[in-house]
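Let's take a walk through this structure together, one side chain at a time. Keep the picture open as you read.

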Amino acid sequence: MTRLPNEVFIVVRRGDEFLVVHRTPQGGAYWHGIAGGLEEGETYAQAAERELFEETGFAAQPVEIAEPFVYPSDADSSAVTVHCFLADVPAGWEPALNDEHDDYRWCRQEDAVELLYWPEPKQLLRDL
């Protein structure tokens with residue numbers, strides 16, 4: 001899977017629960033948060049707002065919450081810088097998933113950490 005060099009990761013929080021979404025088999029079939037790459041001319045904040053809306057149907061301006069993390073480069077791709085954001089949603093809100101995901105769960109912090117696949121998002125959630 002080719003990665004873009006600039007991405008966003010959005011933690012979606014509802015009270016004391018966190019949204020974890022499951023990528024479709026075509027997307028790797030793992031549990032993740034809301035995430036995606038920047039488009040041409042977009043800032044990280046604009047990408048976070050767009051990805052949040054595209055992947056969940058929720059319109060908001062997520063707040064940057066942590067230092068970016070970097071996935072190191074490998075033989076097939078360059079390093080990927082990921083800026084991290086938080087979006088608080090109202091009680092009772094449920095996501096309208098797009099075709100990148102086939103399931104979702106609301107989890108308490110420790111359960112969300114256990115479900116997430118990548119170590120950097122796990123640590124981000126632990127630190128909240």
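**A glutamate and some rings**

Start with Glu-55, which you'll find in helix H1, residues 44–56 (helices, H or I, have at least four residues and strands, E, at least two; both are DSSP runs numbered from the N terminus). Bear in mind that this is a predicted model: local features need pLDDT of at least 70, side-chain atom pairs count only at pLDDT 80 or more, and totals for chains, interfaces and linings use all residues. Residues are numbered from 1 along each chain as its sequence is written, and side-chain values use heavy atoms, leaving out hydrogens and water.

Glu-55 is buried (under 20% relative accessible area, with exposed over 50% and partly exposed in between, using a 1.4 Å probe and protein chains only). Still, Glu-55 has no salt bridge (a side-chain nitrogen of Lys or Arg within 4 Å of a carboxyl oxygen of Asp or Glu). The nearest side chain of opposite charge, Arg-23, is 5.0 Å away (Lys and Arg count as positive, Asp and Glu as negative; His and the chain ends are not counted).

Now for the rings: the whole structure has 7 aromatic pairs (Phe, Tyr or six-membered Trp rings with centres within 6.5 Å; planes under 30 degrees apart are stacked, over 60 edge-to-face, the rest tilted). Tyr-71 and Trp-118 make an edge-to-face pair, 5.8 Å centre to centre with 65° between the planes. Tyr-71 is buried at 10% relative accessible area, while Trp-118 is partly exposed at 25%. Trp-93 and Trp-106 also pair edge-to-face, at 6.1 Å and 80°, and both are buried.
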